[in-house]
Amino acid sequence: MSNESELQVLNPATEEVVATVPAADAAEVDRAVARASAAQRGWAAAAPADRARLLRRYADVVDAHIEELAQLEVREAGHLLGNARWEAGNARDLLLYAAGGAERLLGKQIPVPGGWDITFQEPLGVVGVIAPWNFPMPIAAWGSFPALAAGNAVVLKPAETTPLTALRLAELALEAGLPEGLFHVLPGYGHITGRALVDHPDVAKIVFTGAGRTGREVMERCARQVKPVTLELGGKSPNIVFADADLKSALDPFSFLDNSGQDCCARTRILVQESVYDEAHEFLADALSAVVVGDPADEKTRMGPLISRQQLDRVRSFVPDDAPALRGSAPDGPGFWFAPTVLTGERPDSEAAREEIFGPVAVLLPFTDEADAVRLADGTPYGLAGSLWTRDLGRALRVSRAVRAGNLSVNSHSSVRYSTPFGGFKQSGLGRELGPDALTAFTETKNVFISTEA
Ligand code: NAD
């Protein structure tokens, strides 16, 4: 990136420049927030059915551009084409789901003496969304679309490395007929555009996804204005494999290699009951060597590059060349490549075993019994997601309730559905996104008492 007035978008598989995009300064944030405030007043006053209709039309326009959005994601983020199509489809599906919520933002009627009491879910105003680079489209959508459906305007700052799909989504919103200024995308640097958005007095809430260190700063700055904040700060999620599990499914290496491991829900602590540890070790060695790493646009590829040189250096710093590990292979030459890796000689409390690496790297650790598995699963500052594999239903329920994490899967590695709540315990974050209550998170509850005695 050459200077602070522009962003250079690189193709992470080739290091070629895909685009150069102007970076917004604080004055542009001011202008965008003013336009968004003006647009929000009319949007909030519109009938919920009309807001819903426009958001459904927006979903249709996104649907007609799935392939274009997916190709853009492949170029700017190095995602596999199939994954990128799913991501664009996720944005469309969330629009439809959130649109349905606009007409179901119900209040309560509370029995009180002397009159009637009713509550209203009022929109907040302008919501600031700060998105990361690992899933540029879905995470932009999760913060923005439920907020719009609840009657808010949104100013979205995408990550420095991946502004293109977000910019296109904003163009498509206008094409669908959403009011000018209502959904505004402002590419820029975190310490300039991001900070200006967080500090702006007319931004009523911040939705942030990214690194823990940045999230803590965002929260501190929001605290100065008592501004609500949702934080999604990543994880170090366990994959707990009991001896009676279907080992082949449980040890699917894409539970931590999907998106080259740049996934906040990646199951990077593989905890295996000691009686099947050797079998698991052997299975993972074969599985890693079979992973095809390369050009994300090639349908045969199973894993693409990392996002940037900076991320590659970070991942390398956790994996010394002589570390005991199972390793796959990766291309040489241009592009930010790292081979699939399972570290086998780590202690449960080592840095690599506790910290989010955000690359195709997991640790393999043995456990003795159920209590030991839960203790190891909870042995990090994070609590975002996790899987557990067993055929014993009672144990599945006990362990699911015991592990301190927001999103657990039994005999599955899935974490995210637009219709179910998503978010973390402990230092993985604050608040929830998606699911049936997604719109409520973008409202304030107002209580109105009407006297019948006047
Ligand atoms: P980051 O936290 O710096 O960036 C995330 C977003 O925050 C970007 O849009 C960035 O421009 C913005 N930002 C940065 N500084 C800001 C500030 N002071 N005020 C407001 N906004 C600011 O993350 P990164 O440097 O891109 O990645 C570093 C590490 O973070 C990764 O290695 C990974 O461990 C973690 N990460 C987690 C997630 C997740 O989904 N939770 C996503 C991306 C990165």
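A pocket, on a 1 Å grid over the protein atoms alone, is an open set of points with protein on both sides within 12 Å along at least five of seven lines. I count a molecule as sitting in one if more than half of its atoms lie within 2 Å of its grid points.

I am working from a predicted model, where local features need pLDDT of at least 70, side-chain atom pairs count only at pLDDT 80 or more, and totals for chains, interfaces and linings use all residues. Residues are numbered from 1 along each chain as its sequence is written, and side-chain values use heavy atoms, with hydrogens and water left out.

I looked up where the ligand is: the space it takes is the largest pocket. Domain 1 (6-233 + 428-451) and domain 2 (238-417) both give residues to the shell around the ligand, so it lies between them; the bounds come from an automatic or database domain assignment.

I then looked up the neighbours (a heavy atom within 4 Å). There are 27 residues around the ligand, and Ala131, Trp133, Lys157, Glu160 and Thr214 come nearest.

Next I looked up polar contacts (N or O pairs within 3.5 Å). A polar backbone atom of Ala131 is 2.7 Å from a ligand oxygen atom. For Thr214, a polar side-chain atom lies 2.7 Å from an oxygen atom of the ligand. In the side chain of Gln311, an N or O atom is 3.1 Å from a ligand oxygen atom.

Conventions: Polar contact = N/O pair within 3.5 Å; in protein donor to acceptor, adjacent residues only side chain to side chain. 1 Å grid on protein atoms, 1.4 Å probe; cavity = no way out; pocket = protein on both sides within 12 Å on 5 of 7 lines; lining within 4 Å.
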